[in-house]
Amino acid sequence: MSELNLILLGPPGSGKGTQGERLQEDLRLPYYATGDILRAAVREGTEVGTEAKEYMERGDLVPDDVIVGVIGERIDKKEAEDGFILDGFPRTEPQAEALDAKLGELRREVSAAVLFDVSDDEVVRRLGGRRTCPNGHIFHVESDPPEKEGVCDVCGEPLETRDDDRPEVIRNRLDQYHAKTEPLIAYYEDRGLLKRVDGSQAADEVSIRIRALLATLKMEEEL
Ligand SMILES: [Zn+2]
C-alpha cells in the first residue's frame, strides 16, 4: 500500500486525541500532535526549532510557515515514510494551503482529512463535566464520577472545575473553532478528501468506524 497521510479535524473534546493514539498503534504510523512536535523541535535545536524558539521566547505566536517547517522536518524522516497522523494543524484554510505546499515540495499529499463530528452541546457536556484535583487526576460527573462527590479517589484532594472547562469558556472556544475550521472543512471537502466520523459515539464504536473508513480508502486506492 502507498503511504497514508492523515489529518485529524474536530472540536476540543471530540475524542480525536484518543483516536489518534489508537490509530498510531493500529497503523504503526507516527502521531504528530503539533504542540508536541513543536516543543520537541525546540528542545532538539533543529534548524526550524531554533527559529520557533525565538517566537516562543518573545511570547509571540509561531508563524504558520515555521510550524509547517517543523512538520516538514518530521515528515521527511524515515519514521514517516509510510505515512503520518497529524493532529492540531491545520486549523485554518491558509494553514492547509501552507501544509499542501510543503507536502508538494516533499512529493507527498494528504490522503484524507478525518472530521470528528460532535455537536456543541455534546462538547459542553463532555468538557463541562470534568472535575480535576490539584494533582491532575481527572473525573467526570457523568461518565467517570468519583466515589465521594467533590473528592479525588486517588489522593483525597478536592475536585474543581478548571477554568478551561467552564461552560462559557468552552462555548467561546467552540465559536472560534467554528469560525476558523468551517472554511477548512470546505477546503478538504472540495478536494474530495473529507471523511466524516460520528464522534458522539463511544470511543470503541468510533474506532470501528475509522477502521472501516480507512479500509474503504485503501480499496479505492487499489482500484
Ligand atoms: Zn487527585
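Predicted model: local features only at pLDDT ≥ 70, side-chain atom pairs only at ≥ 80, totals over all residues.
How do the two helices sit against each other? The axes of α4 (residues 64-75) and α5 (residues 93-105) come within 10 Å and cross at roughly 40°. That angle makes α4 oblique to α5. The crossing of α4 and α5 is right-handed.

While we're in α4, have a look at R74, which is found in that helix. Is R74 buried or exposed? With a relative accessible area of 18%, R74 is buried, because the cut-off for buried is under 20%. Leaving aside residues up to four places away in sequence, R74 touches Y32, I37, A40, E79 and A80.

Helix α6 covers residues 120-128 and helix α7 covers residues 167-190; their axes come within 10 Å and cross at roughly 140°. So α6 is oblique to α7, and the crossing of α6 and α7 is right-handed. On the α6 side, the contact is made by D120, D121, V123, V124, L127 and G128. On the α7 side, P167, I170, R171, R173, L174 and H178 take part. By class, the contact of α6 with α7 has six nonpolar, two polar and four charged residues.

| Helix pair | Axes come within | Crossing angle |
|---|---|---|
| α4 and α5 | 10 Å | roughly 40° |
| α6 and α7 | 10 Å | roughly 140° |

Now for the strands. What order do the five strands of the open sheet follow? Reading across, the order is β2-β3-β1-β4-β7, and the pairing is parallel. The edge strands are β2 (31-33) and β7 (194-198), and each of these pairs on one side only. On average, neighbouring strands of this sheet are turned by 20° against each other, direction ignored.

Helix α2 (residues 34-44) lies across β2 and β3 (83-87), and runs at about 85° to β2.

With β3, strand β1 pairs in the parallel sense over five bridges. Within that pairing, L6 stands opposite I85 in β3. Two partners in β4 can be named here: A113 is the bridge partner of I7, and L115 is the bridge partner of L9.

How many of the six residues of β1 are buried? Six of the six are, so β1 is largely enclosed by the rest of the structure. To picture this, remember that side chains in a regular strand alternate between the two faces of the sheet. In β1, L4, L6 and L8 lie on one side, while N5, I7 and L9 lie on the other. These residues are all buried, and both faces of β1 are covered.

Note on methods. Residues numbered from 1 in each chain as written. Heavy atoms only, no water. Pairing = 2+ DSSP bridges. Helix = DSSP H or I, 4+ residues; strand = E, 2+ residues; numbered from the N terminus. Axes fitted to C-alpha atoms, helices over the stretch in contact; angles between N-to-C directions. Contact = heavy atoms within 4.5 Å. Parallel < 35°, antiparallel > 145°, perpendicular 65-115°, else oblique. Left-handed = near helix turned anticlockwise from the far one by under 90°. Buried < 20%, exposed > 50% of the residue type's maximum accessible area, 1.4 Å probe, protein only. Nonpolar A, V, L, I, M, F, W, Y, C, P; charged D, E, K, R; others polar.
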